[in-house]
Amino acid sequence: MSVSPQPARTPGVPGGSPATLRLPRPVPRRLLRRGAAGALALALAGTAFGTVPGAGAAPASSSSVAVTTAAARVSVPAAPAATHARTTANLHLRAAAGTQHASLGIMPKGTVVARTGKVSGTWWQVRHGAKTGWASSTYLVAAPAPAKPAPASTARWFGGSQALYAQPTFASKRLQAFTKGTRATLVRASGAWSYVKAPGSEGWVPTRDLSTTATVYTGATILPSSTHRWALYRSNVRTGPSTATRSLGVVPAGEMMPLLASRNGWSQVKTSRGTGWIKGTLVTNLATKAPAYLQPVTARMLADVKARHGGSYGSVGTLRNGSIGHRLGLGADFMVKGWNTAAGIRNGDAMAAYLVANHRRLGVDYIIWRDRIWLSQDGQWGPYSKGGWGRHLNPRGWNATTMHFDHLHVETKVG
């Protein structure tokens with residue numbers, strides 16, 4: 001009994017005459033007597049039955065190589081074809097298989113294309129971007145499918161004294177106010193505003209007031225700031241980024257300063273001594289510990305309030321750990337005398353009204369008084385403990401102090 005291979009066309013020669021392929025050596029008859037086992041051995045021995053990709057001997061959809069004997073038929077699975085390929089040179093994408101056809105464009109070396117599965121001789125049909133055409137397989141090698149881009153994250157974090165609004169404007173109704181670091185989910189953006197879902201509410205917030213990374217406050221360290229610097233030591237503020245320039249004065253260690261620019265290892269900042277340059281080794285972008293003094297803007301605000309309403313409060317709490325504002329030297333708690341009496345409430349109201357009316361001059365960012373919060377960004381009063389802002393105080397419970405009935409909290413802002 002003899003086995004004859006199927007005829008195959010000569011690879012890469014369109015219309016070439018059939019070439020007869022023969023086994024490299026006779027197959028022993030004893031293998032044929034063993035039925036399927038013998039057929040499998042024959043299939044493994046007959047290496048000449050393999051096909052050349054693109055030679056045209058078998059349909060592109062063929063998924064196996066079959067060998068028939070009188071005893072049995074055994075199918076040996078072929079390796080799956082790669083679904084993508086990479087160009088090894090700058091390669092034309094042709095309208096049809098052949099160099100005589102029009103070019104649809106050149107695919108640069110290293111381009112990954114998707115194979116459609118169609119083959120014509122040594123040409124493969126591929127997809128490149130929005131175009132489908134033919135390319136010479138001589139300049140293509142198998143490649144993994146390109147990774148799909150990860151979907152953009154919708155997680156956002158409030159960067160400071162931010163509030164949600166019913167409409168994308170500060171003039172609209174404030175819905176809630178949130179503390180720095182509160183997580184929200186971005187729903188959509190429109191111009192300079194973003195619509196987000198936050199704990200207990202959803203609405204509009206200025207996009208500039210949202211961060212794509214978590215703002216973590218541990219009580220000891222705030223993550224790096226891209227907008228401010230802190231003086232590590234007593235430092236000269238100079239008119240230019242060089243020690244050869246004139247000094248505007250010396251700022252104390254711990255002063256918080258808005259960053260304007262960086263150049264040649266120097267930082268241009270706004271300081272209590274004016275706008276100037278401080279050597280980069282003398283400043284940090286981390287507020288790592290509470291300064292030993294109040295920020296200049298806070299000290300000026302305290303002096304001004306004392307001169308006009310000094311008799312309305314008994315003491316002032318400033319530097320302490322826990323609150324970000326207090327720890328950075330920006331917060332002040334005015335302990336109102338007789339806070340639970342009509343006279344005390346009137347005095348507290350008068351202090352709050354004065355601070356609101358002069359907030360630009362005094363650098364006031366926000367005020368909390370009698371479970372209400374006022375924000376400089378919109379000029380509105382709104383709920384405090386039930387408005388999202390005081391959510392971080394929930395573990396301590398709500399009382400006269402945490403709801404700010406017995407004191408008026410004022411937070412200033414630098415710059």
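Which residue in β15 is the bridge partner of W193? That would be P206. Keep in mind that everything here comes from a predicted model.

**The β14–β15 hairpin**

Strand β14 covers residues 193-198 and runs antiparallel to β15, with six bridges joining the two. Together they make a hairpin with two residues between the strands. In the turn, G200 has a positive phi of about 85°. As for β15 itself (residues 201-206), this strand is mostly covered, with five of its six residues buried.

**The chain overall**

Zooming out, the chain has 415 residues, and 39% of them are buried. Its secondary structure comes to six helices and 29 strands. If you take contacts between residues at least 6 apart in sequence, 55% join residues at least 24 apart. The accessible surface comes to about 22400 Å², and carbon and sulfur atoms account for 54% of that.

**Rings**

There are seven aromatic pairs in the structure. Two of them look like this:

| Pair | Centre to centre | Angle between planes | Type |
|---|---|---|---|
| F158 and F178 | 5.0 Å | 15° | stacked |
| Y165 and F170 | 5.5 Å | 80° | edge-to-face |

F158 sits in strand β10 (residues 155-158) and F178 in strand β12 (residues 174-178), so this pair ties together parts that are 20 residues apart in sequence. F158 is buried, at 0% relative accessible area, and F178 is buried with 0% too.

R115 lies over the face of W124, 3.6 Å from the ring centre. R370 has its charged end over the ring of W369, at 6.0 Å from the centre.

**Around A332**

A332 is found in strand β25 (residues 331-336). With 0% relative accessibility, A332 counts as buried. Leaving out residues up to four places away in sequence, A332 touches M301, L302, V316, G317, T318, H326, L408, H409 and V410. G317 is 15 residues from A332 along the chain, and their C-alpha atoms are separated by 5.6 Å.

Key:
Residues are numbered from 1 along each chain as its sequence is written. This is a predicted model: local features need pLDDT of at least 70, side-chain atom pairs count only at pLDDT 80 or more; totals for chains, interfaces and linings use all residues. Side-chain values use heavy atoms; hydrogens and water are left out. Buried means under 20% relative accessible area, exposed over 50%, partly exposed in between (1.4 Å probe, protein chains only). Helices (H or I, at least four residues) and strands (E, at least two) are DSSP runs, numbered from the N terminus. Two strands pair if DSSP finds at least two bridges between them. Contact means heavy atoms within 4.5 Å. Accessible areas come from the Shrake-Rupley method with a 1.4 Å probe; for residues, only the protein chains shown count as cover. Rings of Phe, Tyr and Trp (its six-membered ring) pair if their centres lie within 6.5 Å; planes under 30 degrees apart count as stacked, over 60 as edge-to-face and the rest as tilted. A charge sits over a ring if NZ of Lys or CZ of Arg is within 6 Å of the ring centre and within 35 degrees of the ring normal.
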